[in-house]
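Please provide a short briefing on the structure shown below.

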Amino acid sequence: MAFSELEPTPPHLTYLVLTSFLILYALFSLLIRNRLHLSEPPLATTFGIAVGPQGLSLLNPKAWGFTDEVILEITRLIVGIQCFAVGLELPDGYIMRKWKGLLVLLGPVMTFGWLVCAVFIMWIFATDFPTALTISACLTPTDPVLAASVLSNSQFSTRVPKRIRDLLSAESGVNDGVSFPFLFMGLNFLTKHTAAGALKKWFLITVLYQCALGIAIGTALGYASNWLYKFSHKRGMMGQASYLAFYLLLAIFSIGLASTLGVDDFLVAFCAGRGFSHGGNSPTADTRLPVVIDLMLNSALFVFFGAMIPWSSFNHLDTLTPPRLLAVLALILLFRRIPIVFTAYKLNLLPYVRSTTEALFVGHFGPMGVGALFLAIEARAQLETDSSEPLPRPPKHLAPERKRAVEIIWPVVCFIVLGSTLIHGLSTLVISVGGHFSRHEGERAPLIGGEREGLLGMLHDETDEEGGSGEGDGEGSEPESRGYRGGSL
């Protein structure tokens, strides 16, 4: 009789399973970040796989109505909030002072990666070039969620010079929005019969309306919110609770405004964050709200991602097989960014990258994550309905090339995101442990990977960098290793 009171419904199990991971991570966050040198995305993804349909079957997103449309909107919110946070937390005036290096990453580096990935995808999966361009566009941007998990709140982040952290953070905040022209270039070639018609629609709708207007709207919204905030704050009209909530509410408002107007969500969110932080006005300066958001939203999404990985789709077409997926993952990780970033460094196009080691780190550190999932579903929706509303399954009337693109884009992007999450998330562990044991015994910190050196092999000089001393953010470094100086990385 007592057992009849049990109600293990999918939502109830989700509450239990999801919060159990978040509670455990919160309890041991310092140990995990500063002793084990791990970030939450690979752990959350692995946990999601373990409790998902392929593991213990405790968490099944589809059973709780986790449709493509729900995934699209959740990823839109999370990436948009993270882009807003990046814009908010960059040093005041950063874009105007550092635009040259940022422009190189957003121009030649993104374009090179887009085309190189497209060639690999077309060659390995035997697709047409517009389909390959569309899939490649989803993998082009550096994910702000994964970037934030590595570049802040850890012992490892203190070893990365602040100029490199800021550069990569700024890139991750902007290039999800900049990826829209790359995505819609491939989509327009798939959906338009003539190259002239595709290019015309791309320039007028994507470049001018979605991107250019989106930048203007986001900047205006940010500056207007900045003025309203200061007006209220100076007159004592805003309470502490409202002060903390303003950050999150403005981020969601900017995303909602952009989506309603049909402009670039992520560019609007980033520019709104930059505009709102004008004059050093940052609600997050004295709060831990971004850390809470990272833990609650980002980690939860990666748990769901691990549970909803489409394992059966990795082997359901003649050209879509695990060996081919592994091959394209390896090629993308090796050639998407490293060659072009290293070339730009050698040509002195990246003045803030000052050594070969830094160039290799910037080239390697281009994780693909939540933003890629959003773009993949957005691409599927555009191919299925010519709108942002995806269907449960491809309609029967689709042209063959569009149908094949719809079938292949989601499993390919999910596999690459899985590989990127694990490899980029675990790279901090590899760098920290490898650097620790490469030193002579007397040069090692008391804790494994506890050295404070920068990527140059010495304690990096922060005197020419903005924002101060380069101390760790958030849940800081271990005191025992705070002042340690040893050998090379």
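Which residues does the UniProt annotation "transmembrane region" cover? According to that unreviewed entry, the annotation covers residues 12-32, 102-126, 202-224, 244-270, 291-313, 325-347, 359-377 and 408-431; such annotations may be inferred rather than shown by experiment. This is a predicted model, in which local features need pLDDT of at least 70 and side-chain atom pairs count only at pLDDT 80 or more, while totals for chains, interfaces and linings use all residues. Residues are numbered from 1 along each chain as its sequence is written, and side-chain values use heavy atoms, leaving out hydrogens and water.

**Two of the annotated spans**
- Residues 244-270 are 89% helix and 0% strand, with end C-alpha atoms 19 Å apart.
- Residues 359-377 are 74% helix and 0% strand, and their end C-alpha atoms lie 32 Å apart.

**Packing of H4 and H9**
- Helix H4 (residues 68-89) packs with helix H9 (residues 162-191) at about 135 degrees, the axes being 9 Å apart.
- In contact (heavy atoms within 4.5 Å) are Val79, Cys83 and Val86 of H4 with Ser169, Ala170, Ser172, Gly173 and Asp176 of H9.
- These contact residues comprise 4 nonpolar, 3 polar and 1 charged.

**Aromatic pairs**
- The whole structure holds 18 aromatic pairs (ring centres within 6.5 Å).
- Phe120 and Phe335 form a tilted pair, 6.0 Å centre to centre with 55 degrees between the planes (stacked is under 30 degrees, edge-to-face over 60, and tilted the rest).
- Phe120 lies in helix H6 (residues 99-125) and Phe335 in helix H14 (residues 322-335), 215 residues apart.

Definitions and conventions. Axes are lines fitted to C-alpha atoms, for helices over the stretch in contact, and angles run from 0 to 180 degrees between N-to-C directions. Helices (H or I, at least four residues) and strands (E, at least two) are DSSP runs, numbered from the N terminus. Ala, Val, Leu, Ile, Met, Phe, Trp, Tyr, Cys and Pro count as nonpolar, Asp, Glu, Lys and Arg as charged, and the others, Gly among them, as polar.
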